[in-house]
Amino acid sequence: MRSWNAPVIPVLPGKGSAPDLFDTATGGRHVTDGGRLYVCGITPYDATHLGHANTYLAFDTLGRVWRDAGVEVVYAQNTTDVDDPLLERATATGVDWRELAASQTDLFRSDMEHLRVSPPDHFVAVTDVIEPIGEAVAKLLADGFAYRVDTPDSTAGDDVYFDVDRAGSETAWHLGLESRLGAGDMLRFFSERGGDPERPGKHNVLDPLLWRSARDGEPSWPSAVGDGRPGWHIECSVIALDHLALPVSVNGGGSDLIFPHHEMSAAHGTALTGETFASHYAHSGMVAYQGEKMSKSLGNLVKVSQLVASGVDARAIRLALLDHHYRSDWEWFDDSLLTAVARLAEWQRWAARAVDGTEVTPLLTELRRHLADDLDTPGAIAAVERAVASGEAPSSIDVEAVDALLGIRVSA
Ligand code: ZN
């Protein structure tokens with residue numbers, strides 16, 4: 001599927017360091033220099049709120065830091081363009097689900113371009129990979145990692161579930177490998193985030209759906225396991241396997257994907273290949289608004305496209321988001337933007353006084369140090385603020401460093 005236009009990123013003198021990045025699976029930090037990045041994409045029915053933008057900016061920062069360190073980056077991302085929430089929204093609004101997905105994916109592309117987020121090398125719609133997903137489910141069935149559950153309301157056979165206990169006993173994966181959660185939290189998150197612990201006939205209440213057999217009135221496709229459509233987690237496993245060598249260097253997304261999504265995608269990937277799925281799991285925090293986590297269900301979304309349409313400079317949105325550490329949970333206030341707009345204007349006045357340079361500057365060294373330190377963008381922004389406040393004219397390299405590493409083009 002078409003990705004979006006890449007921003008031009010200046011090449012800086014010298015070389016940065018690969019980032020020392022927090023890993024959810026170990027609870028510690030490790031230097032990560034593999035460059036194979038898989039970040040879970042959107043379900044295109046309500047793009048792109050500031051919570052999404054916060055996540056994609058975090059991993060855009062990772063890509064920028066990697067490239068500056070000389071790491072070759074290969075980036076894959078899915079779009080879940082068929083799933084229950086999308087179908088429910090399409091039904092509720094009387095829009096064809098395909099049109100809803102296409103229009104919202106277009107809006108997402110446009111938002112990412114406005115925010116100067118580097119596009120994935122492989123931007124993959126789930127509806128474009130139904131066949132390989134069906135083959136993967138058939139392989140899991142053949143290898144005993146999956147089983148069918150009686151599905152009387154299907155027109156095409158039984159649903160297929162993944163057997164977490166079998167995978168836990170026969171592969172290097174086990175429940176909790178990535179999330180480090182206890183059984184109670186797992187069950188709660190599984191219920192809240194698309195799982196169906198009550199489904200009769202499952203071996204373990206946490207077994208996730210791999211394949212939903214066709215139902216009347218729902219989209220379905222022929223596959224190696226009959227007509228139907230994929231479950232959520234297997235899509236990311238298959239897309240990652242198609243485009244990135246295992247282990248993926250970093251599997252990233254919002255912290256609400258830790259369990260069950262990332263844990264189960266890893267389980268499927270390991271059961272399919274015998275390999276470790278990812279070396280590193282990185283998660284961005286949640287953004288709240290009006291006292292609650294920004295979410296579709298609460299209706300408290302602040303959307304990038306609406307801010308841009310109202311005349312807000314997208315660079316100010318980027319600056320406002322990067323002023324929070326990617327792992328922290330924080331609240332968006334409307335005046336966050338006013339601060340960022342004023343800051344952007346100051347940085348532009350500073351950049352306008354730049355003198356030509358070619359050498360590594362103290363500010364560039366400082367930015368590299370902050371960003372290699374678990375992507376400390378607030379520290380990097382504070383370093384630019386100190387340089388601006390010093391009253392000294394910057395080197396053109398300082399201005400290019402702000403562009404290349406923070407993604408904010410302040411030169412004319
Ligand atoms: Zn995913």
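**The zinc site and the sheet**

Tutor: His261 is buried, its relative accessible area being 1% (buried means under 20%, exposed over 50% and partly exposed in between, with a 1.4 Å probe and protein chains only). The model is predicted: local features need pLDDT of at least 70, side-chain atom pairs count only at pLDDT 80 or more, and totals for chains, interfaces and linings use all residues. Residues are numbered from 1 along each chain as its sequence is written, and side-chain values use heavy atoms, with hydrogens and water left out.

Cys236 is also buried, with a relative accessible area of 2%. Together with Cys40, these residues coordinate the zinc ion: Cys40 and Cys236 through SG and His261 through NE2, at 2.0 to 2.1 Å. Donors are N, O and S atoms within 2.8 Å of the metal (3.2 Å for Na, K and Ca); water is not among the atoms, so sites may look incomplete. Along the chain the donor spacing is C-x195-C-x24-H. Cys236 sits in helix H7 (residues 232-243) and His261 in helix H8 (residues 258-273), so the pair ties together parts 25 residues apart in sequence. Helices (H or I, at least four residues) and strands (E, at least two) are DSSP runs, numbered from the N terminus.

As for the sheet, five strands in the order E5-E4-E3-E10-E11 form an open, parallel one; two strands pair if DSSP finds at least two bridges between them. Strands E5 (122-125) and E11 (281-284) are its edges, each pairing on one side only. Strand E4 (residues 74-79) pairs with E5 in the parallel sense over four bridges, and Ala76 stands opposite His122 in E5.
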